[in-house]
Structure formats: structure tokens, C-alpha cells
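Hello,

Here is the structure I promised to pass on. Please open it first, and then read my notes below.

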Amino acid sequence: MTKEPSARLIEQRLRNRIYEILEILADCDAGVNLVGINGYFNLFDDFLHRPSNESRMSVLSKDERAIVLEIAHLLEEACVAIPDFTKAEFVESGWPRQIAPKATDARMLFLQRGLFSEEFDEAEPGQRFVPSAS
């Protein structure tokens with residue numbers, strides 16, 4: 001029987017997925033072409049708006065949380081600026097070129113700490129979590 005992952009491990013995996021999505025956003029127009037217009041917007045949003053990302057228990061640091069919220073705001077601004085756009089119209093609008101530098105900054109910020117394990121709980125990347133004996 002397979003053991004269910006802990007809530008912490010799930011959060012670690014979600015942080016790693018956010019990092020992967022930041023790679024797509026940082027790829028500018030190529031990122032849009034890779035995942036399509038719906039993927040470009042929805043992939044990030046699917047992982048960002050979770051109660052755990054807003055809590056003190058999040059695996060996102062305060063700075064990581066702030067920068068991903070800035071990116072979310074940019075994506076929302078793009079949707080408002082050019083509603084009902086096609087992939088080509090979105091690329092031509094220049095929004096991917098505006099979003100890419102912030103996504104690159106976010107990736108670098110995430111890499112300062114590193115990525116978390118996908119297999120076991122960690123207090124910080126590379127530091128296996130050991131629960132205290134109470």
C-alpha cells in the first residue's frame with residue numbers, strides 16, 4: 001500500500017510546480033507558444049491561489065510570495081488590457097516581454113533557497129524535516 005503524502009510534501013511539490021511555471025513565463029513569447037494562451041494564464045493561477053500560500057505555514061518565503069503575487073497582478077492587468085485576445089494578439093501586445101523579467105527574477109529568488117524534495121518533508125530545501133519529540 002502506498003503512503004499518502006503529508007500536507008508539507010504536497011506544499012513542497014506545489015512550490016516546485018510554481019517554479020516550473022515561472023520558467024514558462026520567463027521564456028517570453030516561447031512560453032506562450034509552448035503552453036498556449038489558456039495554459040499561460042491558468043497554469044500559474046491554478047497553483048497560486050491556495051490558502052496555504054497565504055498562511056504562515058507556506059513553503060513560500062515572504063519574498064517568494066510577494067514576487068509571485070506581483071506576477072499574478074501583471075497577468076491580471078494583461079487580461080484587463082486586452083480581453084478576448086488570441087495567442088498571436090497577446091504576443092504582439094508585448095505583455096509576455098513585460099512579464100518575463102519579473103518571472104526571471106522570481107526564478108532566481110526561488111533558486112536562492114533551492115527546490116524542495118518531491119519525496120520527503122524538508123524544513124528547507126536540502127534539510128530533511130525531523131519532527132520534534134513532544
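Before anything else, a word on terms: helices are DSSP runs of H or I with at least four residues, strands are runs of E with at least two, and both are numbered from the N terminus. The model is a predicted one, in which local features need pLDDT of at least 70 and side-chain atom pairs count only at pLDDT 80 or more, while totals for chains, interfaces and linings use all residues. Residues are numbered from 1 along each chain as its sequence is written, and side-chain values use heavy atoms, with hydrogens and water left out.

Let me begin with the overall layout. The protein has six helices and two strands, and along the sequence they follow the pattern α-α-α-α-α-α-β-β. Of its 134 residues, 40% are buried (buried means under 20% relative accessible area, exposed over 50%, and partly exposed in between, with a 1.4 Å probe and protein chains only). Contacts here are heavy atoms within 4.5 Å. Among those with a separation of 6 or more, 69% are between residues 24 or more positions apart.

Glu 64 sits in helix 4 and counts as buried because its relative accessible area is 0%. Beyond its neighbours within four places in sequence, Glu 64 touches Arg 15, Val 59, Leu 109, Phe 110 and Arg 113.

Next come the charged pairs. Side chains of opposite charge can pair when their charged atoms come close. The structure holds eight salt bridges, each being a side-chain nitrogen of Lys or Arg within 4 Å of a carboxyl oxygen of Asp or Glu. Three of them are described here:

- Glu 20 and Arg 17 meet with N to O at 2.8 Å. They lie three residues apart in helix 1 (residues 7–26), so about one helical turn separates them. Glu 20 is partly exposed at 37% relative accessibility, and so is Arg 17 at 23%.
- Arg 107 pairs with Glu 23, the closest N and O atoms being 3.6 Å apart. This pair links distant parts of the chain, with Arg 107 in helix 6 and Glu 23 in helix 1, 84 residues apart.
- Glu 70 and Lys 102 form a salt bridge at 2.8 Å, N to O. This pair also links distant parts of the chain: Glu 70 is in helix 4 and Lys 102 in helix 6, 32 residues apart. Salt bridges that share partners also join Arg 15, Glu 64, Arg 113 and Glu 124 into one network.

Finally, the surface. The protein exposes about 8000 Å², with carbon and sulfur atoms supplying 54% of it; accessible areas come from the Shrake-Rupley method with a 1.4 Å probe, and for residues only the protein chains shown count as cover. Patches are made of residues with over 30% relative accessible area and no salt bridge, joining like charges within 9 Å and nonpolar side chains (Val, Leu, Ile, Met, Phe, Trp, Tyr) within 5 Å. Lys and Arg count as positive and Asp and Glu as negative, with His and the chain ends not counted; a charge is placed at NZ of Lys, CZ of Arg, CG of Asp or CD of Glu.

Asp 45, Asp 46, Glu 76 and Glu 77 form a negative patch, to which helix 2 (29–48) and helix 4 (62–81) each supply at least two residues. Met 108, Leu 111 and Leu 115 make a nonpolar patch of about 270 Å², and Met 108 belongs to helix 6 (residues 95–113).

Enjoy looking around!
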